[in-house]
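Welcome, and please take a moment to look over the sequence and the structure shown here.

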Amino acid sequence: MTNAKGPSLPASIESVFSDLLRELSSCGHQATTLIERARLPRRCRKPLFFFLGYIAKADGRVMEGDIRYAELLMKALRLSSRQRKKAIEHYQLGKDARGVPFHRGLWNRVVAKAAPGAAIKMAMCLCHGAQILGKPSKERRYRCEDAIDNLGLPMEVSDDIFASYASKVWIRSASTAEKPKNYEQACEILGVTRRDSFEAIKRTYRKRLSTCHPDKISQQNLSDYELAAAKDQLLRYQQAWELIKRHNR
């Protein structure tokens, strides 16, 4: 597969990546379903959950959607109680990390040169995690790219995965989603909970708005799909905020 905005992938990765990206699409861009079908070697579990925690904490706090996704991945991997405990420990280590230690993905980088399939599957899981709340913030995307680089894959991999989500998930979910019907749905759209204070929700709303407002993204050279998705997402954030404001009057 070739990224329209960048160079083609190395030949050693091209074919495997194209096949897995088609498989991800056939799964409805659900990384957990991909893992249920394609599986992952045991050696991938530690770096996968470490990087998921690292990405989830990118905006300062881990959202409920991040935790639910990690739990679904544990289920897809069919982890035992003991293995789940280990996965949670590595997730916590990732949350607490300020950067990615060089040794974290060392073995995967070595293996990826000859057999990139497992690293690509992890990259898809990480990209899915980065966009679990919608189009990822810059911080979440940067951390995701940092993790994928640590797995020994070129940046074009993350670019192409996110482009696929942009064209087939973000624009679809934003354009077909109904207005939030209650306070819980509005909070879910913004990635907050009803336990958060009104001021905390307002700060989160403004942060979310900055990721898709036309004045903020005009210099990002986005595709038509991404611009349309950003416009629809902006509307959803505004609708959610209006409902939350009415609820707090």
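First, a word on how to read the details. This is a predicted model, in which local features need pLDDT of at least 70 and side-chain atom pairs count only at pLDDT 80 or more, while totals for chains, interfaces and linings use all residues. Residues are numbered from 1 along each chain as its sequence is written, and side-chain values use heavy atoms, with hydrogens and water left out.

Let us begin with the overall build. The protein has 13 helices and zero strands; helices are DSSP runs of H or I with at least four residues, strands are runs of E with at least two, and both are numbered from the N terminus. Of its 249 residues, 51% count as buried. Here, buried means under 20% relative accessible area, exposed means over 50%, and partly exposed lies in between, using a 1.4 Å probe and protein chains only. The protein exposes about 12,800 Å², and carbon and sulfur atoms supply 51% of that area. These areas come from the Shrake-Rupley method with a 1.4 Å probe, and for residues only the protein chains shown count as cover. How do contacts span the sequence? Among contacts between residues at least 6 apart in sequence, 76% join residues at least 24 apart, where a contact means heavy atoms within 4.5 Å.

Now turn to the surface. Arg42, Lys46, Arg82, Lys85 and Lys86 gather there in a patch of positive charge. Such a patch is made of residues with over 30% relative accessible area and no salt bridge, with like charges joined within 9 Å (for nonpolar side chains, namely Val, Leu, Ile, Met, Phe, Trp and Tyr, the limit is 5 Å). Lys and Arg count as positive and Asp and Glu as negative, while His and the chain ends are not counted. The place of a charge is taken as NZ of Lys, CZ of Arg, CG of Asp or CD of Glu. Which helix gives the largest share of the positive patch? Helix H5, residues 81-96, does, with three residues. Lysine 85 has its place in helix H5, and lysine 85 counts as exposed because its relative accessibility is 55%.

Next come the charged pairs. Side chains of opposite charge can pair when their charged atoms come close. The structure holds 12 salt bridges, each being a side-chain nitrogen of Lys or Arg within 4 Å of a carboxyl oxygen of Asp or Glu. One of them joins glutamate 64 to arginine 68, with the closest N and O atoms 3.9 Å apart. Because these two residues, glutamate 64 and arginine 68, are four residues apart in helix H4 (residues 64-76), about one helical turn separates them. Glutamate 64 is partly exposed at 39% relative accessible area, and arginine 68 is also partly exposed at 41%.

Another salt bridge brings together the side chains of arginine 194 and glutamate 184, at 2.2 Å from N to O. Arginine 194 lies in the loop between helix H10 (183-190) and helix H11 (198-210) and glutamate 184 lies in helix H10, so the pair ties together parts that are 10 residues apart in sequence. Arginine 194, at 46% relative accessibility, counts as partly exposed, as does glutamate 184 at 42%. Salt bridges that share partners also join Glu64, Arg68, Glu188 and Arg195 into one network.

A further pair leads us inward. Arginine 141 forms a salt bridge with glutamate 145, the closest N and O atoms being 3.3 Å apart. Both lie in helix H8, four residues apart, about one turn of the helix. Is glutamate 145 buried or exposed? With 17% relative accessibility, glutamate 145 counts as buried. Leaving out residues up to four places away in sequence, glutamate 145 touches Met155, Ser158 and Asp159.

Serine 158 is buried, at 0% relative accessibility. Apart from neighbours within four places in sequence, serine 158 is in contact with Cys127, Glu145 and Ile148.

Our last stop is isoleucine 55 in helix H3 (residues 45-56), buried with a relative accessible area of 1%. Isoleucine 55 and alanine 130 are 75 residues apart in sequence, and their C-alpha atoms are 6.4 Å apart in space.
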